[in-house]
Amino acid sequence: RRGPRAGGRRKIIEDPRGRVGYPQTVADLAPGASWGSFRIDRLIGRGPSGTVYRATPTAGGPPVTLKILHDSLAETVLLRFEDDTKRIIGLQSPNILRVLAVGREGSRRFFTTEAFDGRSLREVGSLPAREGGEIFLQAAPALGAGWMRLILHRNLKPENILVSASNEVKVADFGLFQDPTPYWSPERRKG
């Protein structure tokens, strides 16, 4: 994986399948540009499912994180993503990056989350065991809150655990989840 290039140029990412870069969601939106009911503040990053911006609602209010999904995703994937994301809007925990809205702008699907100034655990890098344990102790209640609503996070990875400068932790991307299958002992399954 290669990180940001010097001089503020575009970030190039190599995915696990060996392809370099991710498809653009829309033409690069420059700071100050308008997209739907948002003013773009800055590009945060680009991933396999969409492009993420820090944006401010034009109607006013605090900044949000805006993820615009790639057109190249299959329609069934887009519909599932939209349905899953709507289901988690009410998920509450101080350590969950809250989803605020799901919508469409023309043919483009998007969702917004609360803005959070932090770095991914991947960007933070190696930590002493005690600090790493403290981060996971904050992440665990977020996963528990999902479990209480029968939502399992399917995409838990270092990129989806965010850490602020003050070591506040948020778990992101609950949009990829599955309903848990109840465990039945082998004896009970046999009847």
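Let's start with pLDDT, which is the predictor's confidence in each residue, from 0 to 100. You're looking at a predicted model, where local features need pLDDT of at least 70 and side-chain atom pairs count only at pLDDT 80 or more, while totals for chains, interfaces and linings use all residues. Residues are numbered from 1 along each chain as its sequence is written, and side-chain values use heavy atoms, with hydrogens and water left out.

The protein's mean pLDDT is 80, with 77% of its residues at 70 or more. Confidence is highest in strand E10 (residues 169–171), at a mean of 96, and lowest in strand E11 (residues 177–178), at 52. Strands (E, at least two residues) and helices (H or I, at least four) are DSSP runs, numbered from the N terminus. The protein has eleven strands and four helices.

Now for the rings. Those of Phe, Tyr and Trp (its six-membered ring) pair if their centres lie within 6.5 Å; planes under 30 degrees apart are stacked, over 60 edge-to-face, and the rest tilted. There are three aromatic pairs in the structure. Trp-35 and Phe-110 have ring centres 5.5 Å apart and planes at 90 degrees, so this pair is edge-to-face. Trp-35 sits in strand E1 (residues 34–35) and Phe-110 in strand E6 (residues 108–114), so the pair ties together parts 75 residues apart in sequence.

Phe-110 is buried (under 20% relative accessible area; exposed is over 50%, partly exposed in between, with a 1.4 Å probe and protein chains only). Phe-38 and Phe-110 also pair edge-to-face, 5.7 Å centre to centre with 80 degrees between the planes. Ring pairs link Trp-35, Phe-38 and Phe-110 into a cluster.
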